[in-house]
Amino acid sequence: VFMFALFSLLALFTVLLSSFRIEPTAHVDSSNLLTNLRIAALNFLAASAGFFKHNKRSVAQLMLLNVLSSAATLFENFVILLFLGKAFGLLQLAMVEAGYAFAFTAPISQALGTAELSGAYVFQLLGQSPELGVSLTLLLRLRHVIIGFIGIAVLMMYGLPKIRILLHNKQ
């Protein structure tokens with residue numbers, strides 16, 4: 001839900017800015033940091049506006065994929081919490097997901113510690129035990145580890161050259 005809202009705001013913002021005819025520039029002034037940041041932001045907005053203006057079908061597909069991904073994540077959290085003995089409503093699940101999304105924006109690799117803290121805090125705000133939030137976080141991390149091991153096993157079984165052939169084969 002959080003990611004969908006963020007992506008939708010970015011799309012709306014860049015479509016609105018595309019009407020201002022922002023032109024990318026290659027001029028960089030090494031003496032002024034603010035000028036460089038402004039130029040980089042304008043270049044990013046110009047590229048984004050061009051993408052959203054000319055690839056409307058791709059944008060619609062990305063938004064649909066984002067909605068489906070958010071729904072799958074909410075369902076995953078619902079099932080895990082159900083197995084842990086708690087049934088949450090849609091609003092509570094959205095709050096939990098927003099807390100985890102915020103934790104993963106921290107500049108810490110894989111949000112080590114911040115995701116657990118965020119889970120404990122959000123669950124405490126919801127009137128649940130903080131241990132439930134930490135448990136959910138650890139189960140989600142376990143899922144990531146299992147998926148990683150499956151990926152490593154596939155890589156070891158087929159080898160990188162065969163996987164490259166499979167990925168680039170257009171048959």
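## Overall fold

Of the 171 residues in the protein chain, 26% count as buried (under 20% relative accessible area, with a 1.4 Å probe and protein chains only). The model is predicted: local features need pLDDT of at least 70, side-chain atom pairs count only at pLDDT 80 or more, and totals for chains, interfaces and linings use all residues. Residues are numbered from 1 along each chain as its sequence is written, and side-chain values use heavy atoms, with hydrogens and water left out.

The secondary structure comprises 6 helices and 0 strands (DSSP runs numbered from the N terminus: helices are H or I of at least four residues, strands are E of at least two). Among contacts (heavy atoms within 4.5 Å) with a separation of 6 or more, 53% join residues 24 or more positions apart.

## Helix 3 against helix 4

Helix 3 (residues 56-83) packs on helix 4 (residues 90-103) at an angle of about 105°, and their axes are 10 Å apart. Axes are lines fitted to C-alpha atoms over the stretch in contact, and angles run from 0 to 180 degrees between N-to-C directions. Helix 3 is therefore roughly perpendicular to helix 4 (65 to 115 degrees).

From helix 3, Thr 73, Leu 74, Asn 77, Phe 78 and Leu 81 meet Leu 90, Leu 93, Ala 94 and Glu 97 of helix 4.

## Glu 97

Glu 97, in helix 4, is buried but has no salt bridge (a side-chain nitrogen of Lys or Arg within 4 Å of a carboxyl oxygen of Asp or Glu). The nearest side chain of opposite charge, Arg 143, is 8.0 Å away. Leaving aside neighbours within four places in sequence, Glu 97 is in contact with Thr 73, Leu 74 and Asn 77.

Definitions and conventions: Angles under 35 degrees count as roughly parallel, over 145 as roughly antiparallel, 65 to 115 as roughly perpendicular and the rest as oblique. Buried means under 20% relative accessible area, exposed over 50%, partly exposed in between (1.4 Å probe, protein chains only). Lys and Arg count as positive and Asp and Glu as negative; His and the chain ends are not counted.
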